Structure formats: C-alpha cells, structure tokens
Amino acid sequence: MEGFDHLSYPYSSQRMTTVANKGMVATSQPLAAQAGLDILKKGGNAIDAAIATAATLTVVEPTSNGIGGDAFALVWTKGKLHGLNSSGPAPKAISIEKVKEKGHEEIPMFGWTPVTVPGAPGAWAELSDRFGKLPLTEVLKPAIDYAENGYPVSPVLGKFWKNAYKKYKEVFTGEEFKHWFETFAPNGRAPEIGEVWRSQGHADTLRSIAETKATSFYQGEIADKIADFSKKYDGFITKEDLASFQPEWVDPISVNYRGYDVWEIPPNGQGLVALMALNIVKGYTFDNRDTVDTFHKQMEAMKLAFADGQQFITEKKDMSHSVEALLSESYAEQRRSFIGEEALTPEPGTPPKGGTVYLATADDEGNMVSFIQSNYMGFGSGIVVPGTGIALQNRGHNFSLDPHHDNALQAGKRTYHTIIPGFLTKDNQPVGPFGVMGGFMQPQGHLQVVMNTIDFHLNPQAALDAPRWQWMEGKKIIVEPEFPTHIADSLARKGHQIQVLLEKGAFGRGQIIWRDNENGTLYGGTEARTDGTIASY
C-alpha cells in the first residue's frame, strides 16, 4: 500500500507476554528470531538457536552488529551456568605513544586506530563445538540465505540505517571508507524501509566461517584479507593478532538480590556496574515503582556504581581493585551512605583493597542462552574489508590514553566493554536470560528490569515496556516521553537535571525469557522500542 508511514504509531498498543513450552527465541529482528526457531525445529538446541540468531542478526541488523564485532554469552546447560568472553584485544603493535604520534589526544571513533580483534565468529564456533547439537554449516544456513538472497528492511532498522548514512557521508572522507558505502549504500543511499538488501560478500564470509569452524577468519583466507587491508592503510591489526585470538570461558559473577541471584560476565565487561548498583539499592525497601523516592535512589545508586566502573573496570589482571572488593557488602554500605535527599555528583569511591544486539533462547531440554554481540557504535569503525561484508568494530575507542588509568591502552589488552548478557537464578535453578543492549545504558537497563521483575512483580513484557531513564553524566538524567511528568518535576527539585528525550533509541532494547521450572512453561517479553519479536512453539 502507498502512503504508509512505517515510523508513525499515533495510538498506544499492547503486547502480551509470549507463552510456549517447546522453544523460544527473543531478539530485535523478526527474521533473526525465526531463524533461531527454525534451527530448534530441525533438532538444534538453545545454543544452536542462539548462534543461528546471532549470525542472522549480522545480516538483518547491520546497524548494530556485524561479523567484525565482539560477543559474550551466559549459557545454562545441565544444571550449570557457563560464561563466555569473546571480546578481542588491542593489536600487539599499538601503544599510547603510537596513537599520539598520529595526532590523537584520545582514540578516535572511526578508521583503523580503534579496531580491535573481532571475537564474534570465534564465539559462534566455540559455543557450537562445546554445547551445540547441529553442525555449524547447518546452523549458519539462515544467515547465509538472507545475505545471499536478500531481505526487506524493517522500520526501525531503516530509520537507523538512514541516520547512519547521513552521518557517515559527512565524516567518512578517506579512501579507506569507500567499501562501507559500496556494501551498505550500494545505490548511493541507505536502503528504504521495505527495500530488499543483500550482500554476497557477507554470504561468502559466513559460508567460509561455517565450513572451517571460523578457522578461515583467524588463520586463513579471511584473516589474510583483513591483515592486508589493515597494512594498506597503516592499521595496527596483523594476521598474528587474529591467529592468536581465543575466546575465554569464565566464571560468571553475581550478587544475591532479595533471594534471586543476578549473574553477569566478569570484567572486562561492565556487568559489574549493574551488580554494584543492585548491591546498593538492596539496602532499601521499595513499595511502589512509580514514586520519586524509588527513582531517586535508583539513579543515585547507578551514578555511584558507574563512577566506580568507569574508574576501575578493565582487564581483570589490570584492575587496581578486585571484583570481590567492589561487590562486598561493606563497600555497598559505604557507597549507600552517600545517598541523601539531593542529587549528587558521582565520584569513584575507595574500595577495600584486594549501535549492539541482544538475544535470548530456550529449549525444552532446559538449555537457556543469554547472548550479546556488537560493533560498538552502530556499524563500528566504518572500515569494511573489501568483498567480505565484514564491518570492523571500533571497540578500542573506550581505551584511555592516560597511562595511569586502569583502562589505559596496552598492546594485547582488552578494553572496558559495554556489552553484557544477564541471567537470573533462584535456589540454584534457572529463572532465565535477560538483557538490555545499548552502550552505557546496558547496566542501567539491567538494574531497571531486575527491579521491575523482583521488587515490583511485573511480567516480562511489562518489565520491558515500563518507561526508562538513563544517567548521562554529573546530575544529568534523560527520560522517555512516557516517564511521569509529576515525578520528573519532583526529581528536578531534588537537583536532578531532567531532560525528556523524544528519541527512544537511547534507552536500550531488551529481551527476556523466564522459565517456570515446575511445568517447563516459557514466558517471553520483547522490545517495543525496536523491530523486536519472539518466535516460539
């Protein structure tokens, strides 16, 4: 039909919680969720479905992630929660001095300098090898098909793609960026909503990853293409950097929050920030979600946790304070004591010494996966390896060029990482995966979703639908248009600098799957702020 405005929704609508018991996939793109469900129906498990969904998302939501990004996962299987950190390090040839020699006072957002080793393909192969049931060649078929034959661009995807194109047309002036335009704006513009986009290079790369279990990406022909392109434009990444990469299995970290254990990946990820904030707020009792007192204490706790996170989080071995110290009850009590009636300007404490996509999957065997991957800022660095569809991430932008900072740039080091999968258990039984993607919104979204669920007993869809806020810096807080005006006004009188933002993309995009362990029923919530959907049976 002609004349539709696919981004205009003048009337409020309601999405119900999705209920099923055989299998469920929740993510930001309907085609990707369906790809995961198809794999479940072919005999794959929740791990296979997560890989299929993640790979498909690199095709059907390239504005937020890609083959050249990083990934993290929390996997519940056979009565245990496993953590996978598949974030890549800085190149071995980089240093603070070399970056400054290029004329930078901080690591730039775009170009080769912020590019770190991509971890996503390694994550897919590692998860498949350890926990998958189907071969990777079968699991990546849906992604390959969408890349090769194309798909129509969905509404929110089309909006962000067009915004990115407008920005990149102004800032991507060097020759090294031309392949971004060839790949993602082949007609001299971003694809329109409903227009079919395809990428043969993307399909060829995914097929090679599937057939070699990602070996070609890190040690073979794809690695050669990445390294050669890097060398051509004086980049730091080499084939040696790619060949030496290996995803790391880690022990998840947690805090107990009112009888539930909330799990995150340990540093270098910022999941620690969410846990520190929860540790602070659990010292209070909240009777109602929509009160000035509730929001004030949430915001103050998050500011304090973030101040510590941005000061101390980096590679675990380089942190000046341990995870255990930052999550100790005594430190939470110390930080809680700073919260008064007025908004504070957060500063790091003194602990005791010592554009992302998210998806959730579950199957009828009891397996559940919380998975997240990202190119960091939208399409990432703007560097696309010719003929491959690989958009390389700009994750290195988070490093500090202050040599005394915990997160100072070092060769072979992993930076402070924003993408974090979450998982909830109770009495050593899985409740399920949850996550809210979106840069530094992520731990703030985790705090709000967990409290919506546990403190205020909201079902998974309502927990995601509830209006959100985000701390930005100092006393500045942005809120969604639906945030109650009278509460925003009262928060402003407490010293919070409240700004209502019309653009909802800044508040993250989440997914939830909860399991009823008595009967195996799955309850899913998906994100109304994007093209999100749940595929289930």
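Modeller: A cavity is taken here as a set of grid points where a 1.4 Å probe fits but cannot get out. The model is a predicted one, and its largest cavity holds about 40 Å³ of space. The lining consists of M276, N279, I280, L304, A305, D308, L326, Y331, A332 and R335. The elements that contribute two or more residues to this lining are α13, α14 (292-312) and α16 (329-336). M276, N279 and I280 belong to α13 (271-281). From α14 come L304, A305 and D308, and from α16 come Y331, A332 and R335. By class, the lining has 7 nonpolar, 1 polar and 2 charged residues.

Helix α13 (residues 271-281) lies across β8 and β9 (260-264), and makes about 20° with β8. A further helix, α17 (residues 442-454), also packs on the sheet and touches β8, β9, β14, β15 and β19 (509-515). The direction of α17 is at about 135° to that of β15.

The sheet itself is open and has 7 strands in the order β1-β20-β19-β15-β14-β9-β8, paired antiparallel. Its edges are β1 (18-20) and β8 (253-257); each has a single partner strand, so one side of each is left without a neighbour in the sheet. On average, neighbouring strands are turned by 20° against each other, direction ignored. Within the sheet, β14 (residues 422-426) and β15 (residues 429-437) form an antiparallel pair over 5 bridges. In that pair G422 faces F434 of β15.

As for the whole, the protein chain has 19 helices and 21 strands. Its radius of gyration is 22 Å, close to the 24 Å that the globule rule gives for 537 residues, so the chain is as compact as a globular protein of that length. Along the principal axes, the C-alpha atoms fill a box of roughly 60 × 55 × 50 Å.

Methods:
Residues numbered from 1 in each chain as written. Predicted model: local features only at pLDDT ≥ 70, side-chain atom pairs only at ≥ 80, totals over all residues. Heavy atoms only, no water. Pairing = 2+ DSSP bridges. Helix = DSSP H or I, 4+ residues; strand = E, 2+ residues; numbered from the N terminus. Axes fitted to C-alpha atoms, helices over the stretch in contact; angles between N-to-C directions. Contact = heavy atoms within 4.5 Å. 1 Å grid on protein atoms, 1.4 Å probe; cavity = no way out; pocket = protein on both sides within 12 Å on 5 of 7 lines; lining within 4 Å. Points joined across faces, edges and corners; volume = space filled by probe spheres on them. Nonpolar A, V, L, I, M, F, W, Y, C, P; charged D, E, K, R; others polar. Rg over C-alpha atoms; globule rule 2.2 N^0.38 Å.
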